[in-house]
Amino acid sequence: MTKAAESLEQSIKDATAERGLDRDCTTLSRHVLQQLQTFSPQAQDLSALMNRIALAGKLIARHLSRAGLMEGVLGFTGETNVQGESVKKMDVYANDVFIAVFKQSGLVCRLASEEMENPYYIPENCPIGRYTLLYDPIDGSSNTDINLSLGSIFSIRQQEGEDLDGSAKDLLASGRKQIAAGYILYGPSTMLVYTIGRGVHSFTLDPSLGEFILTEENIQIPSHGPVYSVNEGNFWQWDESIREYIRYVHRTEGYTARYSGAMVSDIHRVLIQGGVFLYPGTVQKPEGKLRLLYETAPLAYVIEQAGGRATTGHENILDVIPKKLHQRTPLIIGSREDVAKVESFIQNGH
Ligand code: P6P
């Protein structure tokens, strides 16, 4: 090999090694600062916040990976949560993890979760901690005991006002007040997907480093995709318009049904491959099953930032103003064209 060729080969190796090192150093906390292009106190706070969420994800992923080997991790607690749902031991563990990682952080004063009727306050943080974490600690917990994918969903809001009476009324505001949102997907690998309003970015947990490393920046959802994701076992409960949409995809080439029981997993698929996820209202639950503040609004923020859409069928999810902390909404979310197709059946009052 000529000297020139050897030199070129070496420089390519050096550049690749440097890119590899730089990639391994693009952790979540650094990426937040890169996104904000500033080292201001607010930027540092947000970077630290996301780092704490990443720590929660690591602790939950570790617990899940050993769940089948440990006593007291799987199965039900025997309790019922504020949603009227049977609580899994993993729900309680994950809920406590998010609380624990924010203690002594000076960052988060309040946490609102699917598992807690009222917000949890961390007194030592409250004088200066102006952020609130809203989260679903384990989304799809029915998958825990059968070792299938599940997720955590998070949303960060700035506290508005002093909340002196502990009613957290300022949380009853639209999803456009979210500062950051995203999810952690516990699958074959553990991924964290987030937005702070500057695009959607994914990170993969490298267990050998114990760090979430940047995987993909500025993810764009396809404008159309083959996936439709819905629990067709609820067909008998749906409005006729949703039934008509399902009949349409049944008779139209190019669609494929995917439904895992954990919407983080299903919506991540839709984000990457395109398509639509639906959890419509039913006869039993006309407002739907999913909760706005810590499920549909954060996911809507992510999907909108990726170029997709999220609607109740009549209103943009991010415009819905909740009347109560655990308010539910129907959800139709995903690629622009596929969401519009579902809406066309609703608007035509099929
Ligand atoms: P169903 C999990 O409980 C969840 O909130 C979502 O993650 C999931 O898509 C949905 O509910 C599953 O509900 O009624 O289809 O079992």
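These legends walk through several close-up views of a predicted model.

View 1. The domain assignment places domain 1 at residues 20-216 and domain 2 at residues 227-348. Taken over C-alpha atoms, the centres of domain 1 and domain 2 are 23 Å apart.

**View 2. Here are the regions that UniProt lists.** An unreviewed UniProt entry gives residues 27-217 as "domain: Fructose-1-6-bisphosphatase class I N-terminal". In the model, residues 27-217 are 25% helix and 32% strand, and the C-alpha atoms at the two ends of the span lie 12 Å apart. The unreviewed entry also lists residues 221-346, under "domain: Fructose-1-6-bisphosphatase class 1 C-terminal". That span, residues 221-346, is 38% helix and 13% strand, with 23 Å between its end C-alpha atoms.

**View 3. Domain 1 meets domain 2.** On the domain 1 side, 46 residues are in contact with 32 residues of domain 2. Together the two domains bury about 2,900 Å², and 61% of that area is on carbon and sulfur atoms. Look for Leu 172, Arg 176 and Tyr 183: these residues supply 21% of the area that domain 1 buries against domain 2, more than any other three residues.

**View 4. Polar and charged pairs cross the interface.** Between domain 1 and domain 2 there are four salt bridges. The interface also holds 15 residue pairs in polar contact, counting pairs with both residues at pLDDT 80 or more.

View 5. Strand S7 provides the largest share, eight residues. Sorted by class, this side of domain 1 has 22 nonpolar, 16 polar and eight charged residues.

**View 6. Arg 176 pairs with Glu 304.** The side chain of Arg 176 forms a salt bridge with that of Glu 304, at 3.6 Å from N to O.

View 7. Arg 291 sits in the loop between strand S13 (275-279) and helix H7 (292-305), while Glu 85 sits in the loop between strand S1 (76-80) and strand S2 (86-88), so the pair ties together parts that are 206 residues apart in sequence.

Terms used: Residues numbered from 1 in each chain as written. Predicted model: local features only at pLDDT ≥ 70, side-chain atom pairs only at ≥ 80, totals over all residues. Heavy atoms only, no water. Domains from an automatic or database assignment. Contact = heavy atoms within 4.5 Å. Buried area = accessible area lost by both parts, 1.4 Å probe. Polar contact = N/O pair within 3.5 Å; in protein donor to acceptor, adjacent residues only side chain to side chain. Helix = DSSP H or I, 4+ residues; strand = E, 2+ residues; numbered from the N terminus. Nonpolar A, V, L, I, M, F, W, Y, C, P; charged D, E, K, R; others polar. UniProt positions renumbered as here; feature names shortened; annotations may be inferred.
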